[in-house]
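Hello,

Here is the structure I promised to pass on. Please have a look, then read my notes below.

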Amino acid sequence: FLMKEVFIKTLSMGIVLCILTACTGRPSPSTYSNSSATSSDSNVEADNKNTEPTATGFKNLTRPYYSVLGCGGESGYYETRARDDGSANVTYIDYSSQKEIYLCNAPGCAHDNEGCTSWISAENAGVFPLISSDHLLLIHRTYGGEEGKQSLSRIDAASLDGSNRKTLITFNNGERLGDVFCTNGESLICSLTTLEQLPDTLESTFTLCMIDLNTGERVDLYVEDTTDGIQPEFLGVTETGYAVLHSSQQTKTESDFPGKEWSEISDEIARSTFHQWEKIPIGGNCCESFYEYTGNIQQLLMADGLYFYDVNTKKLIRISVQDSNIDEVADFISTDGNSAYIDGKFDEWLLMSIRHYEQHPNVEYPVAIESCYAINTQTKEVKELNIKQEIAEDRTIPIMLGQSATDLLLITDSQTDNVEHYGFEYSIISKEGYLNSDVAELRNVSFIEDGSNVS
């Protein structure tokens with residue numbers, strides 16, 4: 001359940017940039033695995049290509065490379081927390097009261113057995129919650145073979161209060177769920193990976209699938225067989241209904257710099273990374289490459305497009321997935337830093353940070369200091385944010401866990417004495433207060449182990 005610590009253009013002729021309008025996939029894609037899935041546009045006759053989505057209104061619930069702790073809804077935040085006996089509970093943080101409670105309405109409940117709507121047994125404890133409209137989804141992501149554990153990944157669905165829990169779908173043996181989940185309230189989009197170790201190579205299959213949240217019916221939207229375990233990265237789905245896949249490859253390696261130390265060449269190797277993005281219309285049958293770029297970037301797919309920050313040119317770019325339109329949102333030429341992180345977006349404000357390191361007295365390691373910003377993606381206004389997350393001596397951007405119409409839920413400390421809650425401190429602040437860096441507005445969340453919230 002632990003959340004990973006976040007570590008983390010000039011658009012000139014000298015930069016590799018190509019917007020493709022024909023439906024072309026990565027080299028050597030697979031053939032169809034079934035009649036409902038597409039894997040390569042070479043398998044779709046030009047006259048039969050459907051490039052328009054049939055489902056829209058999607059929201060990305062998670063992002064790549066995160067160990068998911070929980071998911072925020074409009075009124076509160078759901079997460080799971082482990083118990084000493086290996087079981088777990090689903091808990092709920094109410095934005096308005098700033099209190100965490102068990103997701104259970106039964107008076108006097110011990111929250112340690114199947115009669116409790118918040119309890120998850122030890123054999124099913126590898127789970128995290130997601131919120132989709134009026135559905136509470138419990139994602140059981142397993143890798144098979146763990147003793148005493150369920151070997152098949154599955155998704156359970158329940159009401160928002162935890163009642164009426166039932167299995168929505170169980171996946172096939174060997175299918176591993178990815179990190180990213182997207183929903184429009186009616187369907188859930190996610191990726192699956194299957195691996196097979198052969199004598200000379202590692203073969204894998206990447207599947208993008210859509211699950212009906214009412215019936216559990218699964219439709220495979222895209223299937224690709226790969227070798228050596230190299231697969232596309234599923235970034236999410238735009239509000240307009242385009243799923244986005246990303247692939248990258250470094251065009252330079254250490255062998256191109258004989259006699260050089262890694263510290264001398266690492267930046268140039270990172271700058272040599274070639275990126276390609278493809279879009280798949282939900283309900284369509286075409287996988288189309290819509291943008292290519294070479295550089296050292298940090299990226300995040302949002303409802304309104306793909307955002308990426310180039311560490312070397314120090315420009316924040318937005319690409320419209322639907323029409324490949326390029327928009328330079330902001331530049332940070334005067335900001336020092338060799339890495340960046342895009343945290344997310346509320347309303348029209350995109351949150352991001354740029355990191356540099358300092359040597360502080362009596363501190364043995366380089367201290368990470370992040371310059372934090374809110375960028376209005378419509379007006380291009382940039383606000384510097386002074387509220388930081390404390391991680392020992394490091395000062396980084398507070399991770400945004402959830403939001404309501406008026407407030408944000410943030411991680412404001414990651415190394416407290418609160419072992420039961422993984423060392424995290426959560427705080428609520430109004431959106432306006434965060435933009436104005438008003439520290440006095442921060443309201444700490446009271447966790448269950450504080451003693452006052454146990455029902």
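**D304 and its partner**

D304 is partly exposed, at 24% relative accessibility (partly exposed lies between buried, under 20% relative accessible area, and exposed, over 50%, with a 1.4 Å probe and protein chains only). Its side chain meets that of R318 in a salt bridge, at 3.8 Å from N to O. A salt bridge here is a side-chain nitrogen of Lys or Arg within 4 Å of a carboxyl oxygen of Asp or Glu. D304 sits in the loop between β19 (297–302) and β20 (305–310), and R318 in strand β21 (residues 315–319), so the pair ties together parts that are 14 residues apart in sequence. R318 is buried, with a relative accessible area of 18%.

**How to read the model**

This is a predicted model: local features need pLDDT of at least 70, side-chain atom pairs count only at pLDDT 80 or more, and totals for chains, interfaces and linings use all residues. Residues are numbered from 1 along each chain as its sequence is written, and side-chain values use heavy atoms, with hydrogens and water left out.

**The whole chain**

The protein chain has two helices and 32 strands. Both are DSSP runs, numbered from the N terminus: helices are H or I with at least four residues, strands are E with at least two. Of the 455 residues in the chain, 53% are buried. The chain exposes about 20,400 Å², and carbon and sulfur atoms supply 45% of that (areas by the Shrake-Rupley method with a 1.4 Å probe; for residues, only the protein chains shown count as cover).

**Other salt bridges**

The structure holds 15 salt bridges. One of them joins the side chains of R81 and E100, at 2.9 Å from N to O. R81 lies in strand β3 (residues 76–82) and E100 in strand β5 (residues 99–102), so this pair links parts that are 19 residues apart in sequence. R81 and E100 are buried.

K279 and E288 also pair through their side chains, at 3.9 Å from N to O. K279 is buried at 6% relative accessibility. E288 is buried too, at 12%. E175, R218 and D220 are linked in a network of salt bridges.

**Nonpolar cores**

A nonpolar core is a set of buried Ala, Val, Leu, Ile, Met, Phe, Trp, Tyr and Cys residues joined through side-chain atoms within 4.5 Å. The largest has 30 residues; L130, L137, I139, I155, F181 and I211 touch the most other members. Strands that each supply at least two residues of this core include β7 (127–132), β8 (135–140) and β11 (176–183). Leaving aside neighbours within four places in sequence, the contacts of L130 include L61, L137, I139 and F181 (contact means heavy atoms within 4.5 Å). A second, separate core of 28 residues includes C372, I399, L409 and F447.

**V244**

V244 is in strand β16 (residues 242–250). V244 counts as buried, at 0% relative accessibility. Beyond its neighbours within four places in sequence, V244 contacts E233, W277, F290 and L301, among others. The C-alpha atoms of V244 and E233 are 8.4 Å apart, with the two residues eleven apart along the chain.

**Two positive phi values**

Most residues other than glycine have a negative phi. K314 is not a glycine, yet has a positive phi of about 60°. K314 lies in the loop between β20 and β21 and is buried at 16% relative accessibility. N362, also not a glycine, has a positive phi of about 65°. N362 is in the loop between β24 (349–358) and β25 (367–376). N362 is exposed, with a relative accessible area of 85%.

Best wishes
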